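Dear colleague,

Please find below the structure I am handing over to you. My findings follow it.

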Amino acid sequence: MTVTTISPKNADKKLEPESQPQLEVIAEIHPESEQGKVIPLEEFLVKPADRMEWVDGNLVEKTGMTFKHSLAQSKLARFWGNYKDSSGQGGEVLTEILCRTSKQGRRPDVAYITAELLPESGNFTAFSQSFPLIAEVASPEDSGEELFAKAQEYLESGCLEVWLLFPEARLIFVNAGQRWQLFNADEVVNTQSVLGGFSVAVSELLA
(Lines give C-alpha, C1' and ligand atoms only; values in the text may rest on other atoms or scores of the structure.)
Protein backbone atom coordinates (compact mmCIF):
# COMPACT_ATOMS: atom_id res chain seq x y z
CA MET A 1 0.00 0.00 0.00
CA THR A 2 1.30 3.50 -0.85
CA VAL A 3 0.31 6.63 1.04
CA THR A 4 0.59 10.03 -0.66
CA THR A 5 1.33 12.90 1.69
CA ILE A 6 1.49 16.60 0.90
CA SER A 7 4.72 18.21 2.09
CA PRO A 8 4.97 21.92 1.23
CA LYS A 9 8.36 22.98 -0.05
CA ASN A 10 10.17 25.33 2.36
CA ALA A 11 7.49 24.71 4.97
CA ASP A 12 9.18 27.11 7.38
CA LYS A 13 8.56 30.02 5.06
CA LYS A 14 5.32 31.70 4.15
CA LEU A 15 4.00 30.25 0.91
CA GLU A 16 3.54 32.66 -1.95
CA PRO A 17 0.07 32.52 -3.52
CA GLU A 18 1.52 31.08 -6.70
CA SER A 19 3.55 28.47 -4.88
CA GLN A 20 2.46 24.91 -5.40
CA PRO A 21 3.03 22.24 -2.76
CA GLN A 22 5.32 19.36 -3.70
CA LEU A 23 3.97 15.83 -3.59
CA GLU A 24 6.14 13.30 -1.85
CA VAL A 25 5.38 9.58 -2.11
CA ILE A 26 6.13 7.62 1.04
CA ALA A 27 5.87 3.85 1.10
CA GLU A 28 3.94 2.55 4.07
CA ILE A 29 5.76 -0.33 5.72
CA HIS A 30 3.87 -3.48 6.59
CA PRO A 31 5.53 -6.43 8.33
CA GLU A 32 5.46 -9.53 6.16
CA SER A 33 3.49 -12.43 7.51
CA GLU A 34 5.21 -15.79 7.90
CA GLN A 35 2.64 -17.35 5.62
CA GLY A 36 3.67 -16.63 2.05
CA LYS A 37 7.01 -15.05 2.94
CA VAL A 38 9.67 -15.77 0.33
CA ILE A 39 13.06 -16.79 1.76
CA PRO A 40 15.91 -18.99 0.48
CA LEU A 41 15.58 -22.68 1.30
CA GLU A 42 19.02 -22.79 2.93
CA GLU A 43 18.04 -19.98 5.29
CA PHE A 44 14.82 -21.74 6.21
CA LEU A 45 16.59 -25.05 6.91
CA VAL A 46 19.03 -23.36 9.31
CA LYS A 47 16.32 -21.58 11.29
CA PRO A 48 12.93 -23.05 10.39
CA ALA A 49 9.68 -21.55 11.62
CA ASP A 50 7.42 -23.77 13.72
CA ARG A 51 4.79 -25.78 11.81
CA MET A 52 5.98 -24.30 8.52
CA GLU A 53 7.06 -26.06 5.34
CA TRP A 54 9.07 -24.45 2.52
CA VAL A 55 7.14 -24.92 -0.73
CA ASP A 56 8.25 -23.26 -3.97
CA GLY A 57 9.96 -20.45 -2.08
CA ASN A 58 7.04 -19.74 0.25
CA LEU A 59 6.43 -20.60 3.89
CA VAL A 60 3.27 -22.67 4.17
CA GLU A 61 1.76 -23.53 7.55
CA LYS A 62 0.55 -27.07 8.20
CA THR A 63 -3.11 -26.72 9.14
CA GLY A 64 -6.31 -28.72 9.19
CA MET A 65 -5.43 -31.21 11.91
CA THR A 66 -8.53 -32.86 13.36
CA PHE A 67 -9.02 -35.28 16.24
CA LYS A 68 -8.90 -38.27 13.87
CA HIS A 69 -5.78 -36.92 12.18
CA SER A 70 -4.01 -36.35 15.49
CA LEU A 71 -5.08 -39.75 16.84
CA ALA A 72 -3.82 -41.63 13.76
CA GLN A 73 -0.54 -39.71 13.85
CA SER A 74 0.11 -40.40 17.54
CA LYS A 75 -0.92 -44.06 17.27
CA LEU A 76 1.35 -44.76 14.33
CA ALA A 77 4.27 -42.99 15.99
CA ARG A 78 3.73 -45.07 19.11
CA PHE A 79 3.36 -48.36 17.22
CA TRP A 80 6.46 -47.76 15.10
CA GLY A 81 8.41 -46.63 18.15
CA ASN A 82 7.45 -49.65 20.25
CA TYR A 83 8.29 -52.01 17.41
CA LYS A 84 11.72 -50.54 16.64
CA ASP A 85 12.56 -51.03 20.34
CA SER A 86 11.15 -54.55 20.70
CA SER A 87 12.69 -55.72 17.42
CA GLY A 88 16.09 -54.27 18.28
CA GLN A 89 16.31 -52.36 15.00
CA GLY A 90 17.04 -49.10 16.77
CA GLY A 91 16.76 -45.72 15.14
CA GLU A 92 14.16 -43.12 16.08
CA VAL A 93 10.55 -42.31 15.27
CA LEU A 94 9.84 -38.60 14.82
CA THR A 95 6.80 -36.39 14.25
CA GLU A 96 6.76 -33.28 12.07
CA ILE A 97 10.54 -32.89 11.99
CA LEU A 98 11.91 -31.02 8.99
CA CYS A 99 13.59 -32.80 6.09
CA ARG A 100 14.88 -31.60 2.74
CA THR A 101 13.53 -33.19 -0.41
CA SER A 102 14.84 -32.58 -3.92
CA LYS A 103 12.36 -29.71 -4.24
CA GLN A 104 11.09 -28.50 -0.87
CA GLY A 105 11.46 -28.39 2.90
CA ARG A 106 8.85 -30.78 4.35
CA ARG A 107 7.57 -31.84 7.76
CA PRO A 108 6.22 -35.42 7.50
CA ASP A 109 3.52 -36.30 10.02
CA VAL A 110 5.50 -39.38 11.14
CA ALA A 111 8.97 -40.51 10.10
CA TYR A 112 11.42 -43.26 11.00
CA ILE A 113 15.18 -42.79 10.73
CA THR A 114 17.47 -45.81 10.97
CA ALA A 115 20.29 -46.02 13.49
CA GLU A 116 22.81 -45.83 10.64
CA LEU A 117 21.49 -42.48 9.45
CA LEU A 118 21.21 -40.83 12.84
CA PRO A 119 23.77 -37.99 13.21
CA GLU A 120 26.54 -38.67 15.71
CA SER A 121 25.43 -35.66 17.73
CA GLY A 122 21.99 -37.20 18.08
CA ASN A 123 20.42 -33.86 17.24
CA PHE A 124 19.50 -31.93 14.09
CA THR A 125 17.15 -29.18 12.98
CA ALA A 126 16.56 -30.48 9.46
CA PHE A 127 17.49 -33.83 7.91
CA SER A 128 19.44 -33.51 4.65
CA GLN A 129 17.17 -35.86 2.68
CA SER A 130 13.83 -37.63 3.01
CA PHE A 131 13.57 -40.07 5.91
CA PRO A 132 13.70 -43.78 4.99
CA LEU A 133 10.12 -44.39 6.18
CA ILE A 134 7.49 -41.65 6.09
CA ALA A 135 3.76 -41.44 6.80
CA GLU A 136 1.38 -38.63 5.95
CA VAL A 137 -2.11 -38.49 7.46
CA ALA A 138 -4.82 -36.94 5.30
CA SER A 139 -6.83 -34.10 6.82
CA PRO A 140 -10.15 -32.79 5.44
CA GLU A 141 -8.24 -29.92 3.77
CA ASP A 142 -5.85 -32.22 1.87
CA SER A 143 -6.52 -33.40 -1.66
CA GLY A 144 -5.56 -36.93 -2.63
CA GLU A 145 -3.67 -35.64 -5.65
CA GLU A 146 -1.50 -33.39 -3.49
CA LEU A 147 -0.74 -36.18 -1.01
CA PHE A 148 0.29 -38.64 -3.71
CA ALA A 149 2.45 -35.96 -5.33
CA LYS A 150 4.11 -35.29 -1.98
CA ALA A 151 4.70 -39.03 -1.51
CA GLN A 152 6.38 -39.21 -4.92
CA GLU A 153 8.56 -36.26 -3.92
CA TYR A 154 9.68 -38.18 -0.83
CA LEU A 155 10.45 -41.31 -2.87
CA GLU A 156 12.58 -39.30 -5.27
CA SER A 157 14.60 -37.81 -2.39
CA GLY A 158 15.92 -40.84 -0.52
CA CYS A 159 12.74 -42.22 1.06
CA LEU A 160 12.35 -46.00 0.70
CA GLU A 161 8.74 -46.36 1.79
CA VAL A 162 5.75 -44.03 2.16
CA TRP A 163 2.44 -44.58 3.95
CA LEU A 164 -0.64 -42.44 3.25
CA LEU A 165 -3.34 -42.73 5.92
CA PHE A 166 -6.95 -41.71 5.26
CA PRO A 167 -8.72 -41.80 8.66
CA GLU A 168 -12.17 -40.84 7.38
CA ALA A 169 -12.22 -43.59 4.73
CA ARG A 170 -10.19 -45.98 6.93
CA LEU A 171 -7.77 -46.72 4.09
CA ILE A 172 -3.98 -46.91 3.97
CA PHE A 173 -1.83 -46.75 0.84
CA VAL A 174 1.78 -47.99 0.93
CA ASN A 175 4.48 -47.49 -1.69
CA ALA A 176 7.98 -48.97 -1.39
CA GLY A 177 9.20 -47.44 -4.62
CA GLN A 178 7.45 -49.55 -7.23
CA ARG A 179 3.67 -49.48 -6.91
CA TRP A 180 0.91 -48.50 -4.53
CA GLN A 181 -0.72 -51.13 -2.34
CA LEU A 182 -4.14 -50.51 -0.81
CA PHE A 183 -5.11 -51.80 2.64
CA ASN A 184 -8.77 -51.70 3.64
CA ALA A 185 -10.28 -51.46 7.12
CA ASP A 186 -10.56 -55.27 7.48
CA GLU A 187 -6.93 -55.91 6.50
CA VAL A 188 -3.52 -55.84 8.17
CA VAL A 189 -0.98 -53.34 6.85
CA ASN A 190 2.72 -54.12 7.05
CA THR A 191 6.03 -52.48 6.20
CA GLN A 192 7.56 -53.43 2.87
CA SER A 193 11.24 -52.44 3.02
CA VAL A 194 11.97 -50.41 6.18
CA LEU A 195 11.39 -51.39 9.81
CA GLY A 196 10.96 -54.93 8.55
CA GLY A 197 8.36 -57.16 10.15
CA PHE A 198 6.04 -54.45 11.46
CA SER A 199 2.31 -54.98 10.98
CA VAL A 200 -0.90 -53.60 12.45
CA ALA A 201 -4.60 -53.95 11.72
CA VAL A 202 -5.95 -50.98 9.78
CA SER A 203 -9.02 -50.97 12.02
CA GLU A 204 -6.80 -50.65 15.10
CA LEU A 205 -4.72 -47.84 13.65
CA LEU A 206 -7.64 -45.92 12.19
CA ALA A 207 -10.30 -46.77 14.78
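In the largest nonpolar core, which has 24 residues, L76, W80, W163, L165, I172, V189 and L205 touch the most other members. Such a core is a set of buried Ala, Val, Leu, Ile, Met, Phe, Trp, Tyr and Cys residues joined through side-chain atoms within 4.5 Å; buried means under 20% relative accessible area with a 1.4 Å probe, protein chains only. Helix 2 (67-86) gives this core its largest share, 5 residues. Another core, of 16 residues, lies apart from it and includes A111, F127, I134 and V162.

This is a predicted model, in which local features need pLDDT of at least 70 and side-chain atom pairs count only at pLDDT 80 or more, while totals for chains, interfaces and linings use all residues. Residues are numbered from 1 along each chain as its sequence is written, and side-chain values use heavy atoms, with hydrogens and water left out.

The protein chain contains 4 helices and 15 strands, taken as DSSP runs numbered from the N terminus (helices: H or I, at least four residues; strands: E, at least two). Of its 207 residues, 39% are buried.

The largest pocket is lined by 21 residues, with E53, E61, K62, D142 and K150 nearest its centre. A pocket here is an open set of points on a 1 Å grid over the protein atoms alone, where a 1.4 Å probe fits, with protein on both sides within 12 Å along at least five of seven lines; lining residues have an atom within 4 Å of a point. Helix 3 (144-155) contributes the most to this lining, with 3 residues.

Yours sincerely

Key: Buried means under 20% relative accessible area, exposed over 50%, partly exposed in between (1.4 Å probe, protein chains only).
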